[in-house]
Structures are given as C-alpha cells and as structure tokens.
Amino acid sequence: MERRCVLNSWSKEEVRAVICYEWARGVSGTGIHNRLVEVYGPGVMSKQMVRRWCRTFNDGRQQVEDIPRAGRTRKATTDANVRKVDDMIRANRRITIDEVEEELGISHERAQNIIHDILRYRKVSARWLPRQLTSTHKEQRMGVSLEHLVRYHEDGNDFLFRIVTGDETWVHHFTPESKVASMEWKNPSSPVRKKFKTTPSADKESGYHGVKVSATPLSSNIQ
C-alpha cells in the first residue's frame, strides 16, 4: 500500500495552484477537496471554498495570488501619520476627527485610533470659573475685606446690621461661547484650561434691583 505523508505547512497560493491544476484535469470540487485533505490535512480549506475557487477559474481567472484592492492603504497607523496628527492637534486643539481623516487620507477608525489610543488625547471642556479676576480686582477685594474686618472690630454687630446685600444680572450684547463649544483635545500632560463665565466687556449691561445702569470695562466698582 502506498504510504502518504501529510504536509503540516502550506501557503494559500500553493493550495490554490493545486485546485487550479486539478480543475484543469476535470476533477470535481468534491474530489479536489478530498485530495487536498489527504495531503494537507483536514484544516486546509473548506469544501465550499474549493468549489468557489473552481467557479472562479471556470470564469477565466488564472491568478492564484490575491488581487490588490483599490482604496486606502492598510498601513495607516505609521509613525509619520502619528507625528502629523500630533502636530495638527497642537496647532488646533479644536480640530475634528473628520478633518484629520480628510487631511491624511485615512479612515475614520484609524484617525480615532491614533488620537485616542496612541496619542491618548481626550476632548474635554475647559474648567469654568465664575469671573476673570485681574490682579487689580484681587487687590481691591483684599482691601475692602480688610476694611470691613477693621470696622467690625470697632463697631461689632452694629456694623453688620448696616450692610445691605443684593444681586445683579449681567445681560450680554452677544452670545457667549458655550461650554460644549469650548471643548478641546487634551492629553495627560496638557495643562488644565480655564474658561471664565463672565469677563470684563463694554458690550453688556447690568440690572440691579430693577434699575438699569450702563457698565464700563474695568470700572472702579468691585467685580
């Protein structure tokens, strides 16, 4: 009896070439699959795939290698692309993934992978603070606080009873940037960006206890 040896290693091009040869000899798809299993083992190729290749060769194909596919290159996550994405984000912290994708000609998935997984950028909103205080504002507040403290030590609770508190509402002549609109890319080493809810501006008015008064930037009033 003839002794057969099962080959443990093979390439897909080699198997396709065997299928093409046996198909040219007139062997059926089932017969080709049985012979492949005898030589290469049961994990070589499914019977359905062998029949599909037989139909492909019957349609006129002779090439056993993969046909190159048109479109973007598979190797998009290169060191050069990673550096380009990092430079683009540093130049414009509000750039979108779609803009990165279009600029580099890579897929949305690859652009997202480079930004999130490799460069570890996250898009976060700036930390909101009530007001933007300059050094002058801080000195004024410190001075008024010390003055109130001295008067309290001199007059006691009588001074506290003479204090009148109130509230004010600032109405802007423009639409301030929202917190979502201020979102920017940030990696673990980026500094925390601050966004002030109100900033000194001549284009706003203040309403106080029903009395409307014009406001000027950096006025002598305590901010």
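A salt bridge is a side-chain nitrogen of Lys or Arg within 4 Å of a carboxyl oxygen of Asp or Glu, and the legends below apply this rule to a predicted model.

View 1. Among the contacts between residues at least 6 apart in sequence, 68% join residues at least 24 apart. The chain exposes about 16,300 Å², of which carbon and sulfur atoms supply 51%.

**View 2. The salt bridge between Arg90 and Asp86 in helix 4.** Arg90 and Asp86 form a salt bridge in which the closest N and O atoms are 3.2 Å apart. The two residues are 4 apart within helix 4, so about one helical turn separates them. Asp86 has a relative accessible area of 17% and is therefore buried, the limit for that class being under 20%.

**View 3. The salt bridge between Arg16 and Asp66.** The side chains of Arg16 and Asp66 meet at 2.9 Å, N to O, in one of the salt bridges, of which the count comes to 7. Arg16 lies in helix 1 (residues 12-24), whereas Asp66 lies in the loop between helix 3 (47-58) and helix 4, so the pair ties together parts that are 50 residues apart in sequence. Arg16 is buried, with a relative accessible area of 9%, while Asp66, at 41% relative accessibility, counts as partly exposed.

**View 4. Helix 7 and the residues at its end.** Helix 7 (residues 135-155) has 21 residues and reaches 30 Å from its first C-alpha to its last, close to the 30 Å expected at 1.5 Å a residue. Gly156, whose phi is positive and near 70°, follows helix 7. Asp155 forms a salt bridge with Arg162, with 3.1 Å between the closest N and O atoms, and Asp155 counts as partly exposed at 35% relative accessibility. Elsewhere, salt bridges that share partners join Lys12, Arg16 and Asp66 into one network.

**View 5. The largest nonpolar core and a second, separate one.** In the largest nonpolar core, which has 16 residues, the members that touch the most others are Val85, Ile89, Val100, Ile115 and Trp185. Two or more residues of this core come from each of helix 4 (79-91), helix 5 (97-104) and helix 6 (108-118), and helix 4 gives the most, with 4 residues. Leaving aside its neighbours within four places in sequence, Val100 is in contact with Val85, Met88, Ile95, Ala111 and Ile115. A second, separate core has 13 residues, among them Val27, Ile32, Val50 and Phe57.

Methods:
Residues numbered from 1 in each chain as written. Predicted model: local features only at pLDDT ≥ 70, side-chain atom pairs only at ≥ 80, totals over all residues. Heavy atoms only, no water. Expected span 1.5 Å × (residues − 1). Core = buried A, V, L, I, M, F, W, Y, C linked by side-chain atoms within 4.5 Å. Buried < 20%, exposed > 50% of the residue type's maximum accessible area, 1.4 Å probe, protein only. Contact = heavy atoms within 4.5 Å. Areas by Shrake-Rupley, 256 points an atom, 1.4 Å probe, with all protein chains shown as cover.
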